[in-house]
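Welcome! Please take a moment to look over the sequence and the 3D view, and then let us walk through some of the details together.

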Amino acid sequence: MTMPNSIDETVDLLARGAYVADRSLATAIFLALRMKRPLLLEGEAGVGKTEIAKVLAEALGRRLIRLQCYEGLDTSNAVYEWNYQAQMIEIRLAEAAGSQDLTELGKDIFSERFLIRRPILQALSPDVAGPPVFLIDELDRADEPFEAYLLEVLSDFQVTVPEIGTIKASEPPIVIITSNRTREIHDALKRRCLYHWVDYPNAERELEILKLKAPGASQRLSGEVVAFVQALRGLDLYKSPGVAETIDWATALTELDALALDQQIVNDTLGALLKYQDDIARVRGSEAAKILEEIRAAARAAE
């Protein structure tokens with residue numbers, strides 16, 4: 001699949017992967033593809049940041065390489081490491097054969113055939129399908145020293161392996177970086193990227209997403225689910241539900257053969273929508289009843 005040549009083509013490309021994007025997001029993606037620059041996507045958890053990389057890889061027919069970030073992530077897990085067991089076997093075989101050329105042996109055991117490529121080095125390697133989509137997921141969870149290490153990777157698309165030298169990508173991968181903003185990403189890294197804040201969708205777009213991702217839900221149920229979730233995001237909750245939770249809740253309600261919302265089914269299924277007990281306790285009961293009444297009042301007014 002060729003790269004999109006316009007913002008409209010980018011919207012269509014994402015739509016083929018069942019991803020409903022607003023024009024500002026499609027513009028950021030289009031520019032990142034055209035300019036061959038990393039794209040940093042920030043936003044609340046569950047708004048669809050990671051899904052963008054998956055959809056791009058599938059739509060463009062590229063390999064998806066994912067680096068899941070976490071505290072303590074280091075180069076041996078993210079970039080490369082040596083196959084020490086195979087190296088030791090090679091050394092023992094050389095000793096058994098009576099080899100005395102330690103210089104040549106050193107060059108041999110620190111060669112490509114003993115190099116284990118982790119996600120970053122894989123992303124810089126050539127691929128017959130074209131440069132892969134490289135997803136650096138939840139960068140804010142990684143330590144700051146690892147973020148600093150990425151500066152060379154994102155500016156020159158290369159890494160340095162001391163025993164071999166510099167390995168540089170012949171063509172830059174498509175880099176998507178996500179952050180839930182549990183901490184601020186440093187300006188030095190942001191300067192190497194294009195940036196977009198992925199916000200919660202409005203009701204119209206969320207309903208469109210729900211029709212694609214939870215097609216079994218009735219039209220009335222989908223509308224009420226979206227209205228309920230939109231109302232929840234206006235409350236002071238510890239964690240507002242993301243689009244992923246909206247889809248999960250609609251799917252759960254469909255499994256229960258619900259055709260519309262009522263207070264009982266809302267109270268019984270809030271665990272599919274909210275993931276903190278304090279939030280569930282606040283919404284369950286009178287708050288849920290209040291939101292449902294507002295939804296019904298709005299429906300009556302629209303008739």
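Predicted model: local features only at pLDDT ≥ 70, side-chain atom pairs only at ≥ 80, totals over all residues.

## A sheet and its neighbours

Residues are numbered from 1 along each chain as its sequence is written, and side-chain values use heavy atoms, with hydrogens and water left out. Helices (H or I, at least four residues) and strands (E, at least two) are DSSP runs, numbered from the N terminus.

Strand 5 covers residues 133–137 and pairs with strand 2 in the parallel sense, over five bridges. Two strands count as paired if DSSP finds at least two bridges between them. Strand 2 has two faces: Ile65 and Leu67 lie on the covered one, and Leu64, Arg66 and Gln68 on the uncovered one.

Now zoom out. Five strands make an open sheet with parallel pairing, in the order 2-5-8-1-9. Strand 2 (64–68) and strand 9 (194–197) are at the edges with a single partner strand each, so one side of each has no neighbour in the sheet. On average, neighbouring strands are turned by 20° against each other, direction ignored. Helix 2 (residues 23–35) packs on this sheet and touches strand 1 (39–42), strand 8 (174–179) and strand 9; its direction makes about 165° with that of strand 9. Contact means heavy atoms within 4.5 Å. Axes are lines fitted to C-alpha atoms, for helices over the stretch in contact, and angles run from 0 to 180 degrees between N-to-C directions.

Which way do the residues of strand 1 point? Leu39 and Leu41 point one way, Leu40 and Glu42 the other way, and all are buried. Buried means under 20% relative accessible area, exposed over 50%, and partly exposed in between (1.4 Å probe, protein chains only).

| Strand pair | Sense and bridges | Bridge partners |
|---|---|---|
| Strand 1 and strand 8 | parallel, four bridges | Glu42 and Ser179 |
| Strand 1 and strand 9 | parallel, four bridges | Leu39 and Leu194 |

Helix 10 (residues 203–213) packs against helix 12 (residues 243–255) at an angle of about 50°, and their axes are 10 Å apart. That makes helix 10 oblique to helix 12. (Angles under 35 degrees are roughly parallel, over 145 roughly antiparallel, 65 to 115 roughly perpendicular, and the rest oblique.) Glu206, Ile209, Leu210 and Lys213 of helix 10 make the contact with Val243, Thr246, Ile247 and Ala250 of helix 12.

## Two tyrosines to find

Is Tyr80 buried or exposed? Tyr80 counts as buried, because its relative accessibility is 15%. Tyr80 is in strand 3 (residues 80–82). Leaving aside neighbours within four places in sequence, its contacts include Leu115, Val161 and Pro162.

Tyr238 is exposed, with a relative accessible area of 62%. Look for Tyr238 in the loop between helix 11 (219–232) and helix 12. Not counting residues up to four places away in sequence, Tyr238 touches Tyr276 and Asp279. The C-alpha atoms of Tyr238 and Gln277 are separated by 9.7 Å, although these residues are 39 residues apart along the chain.
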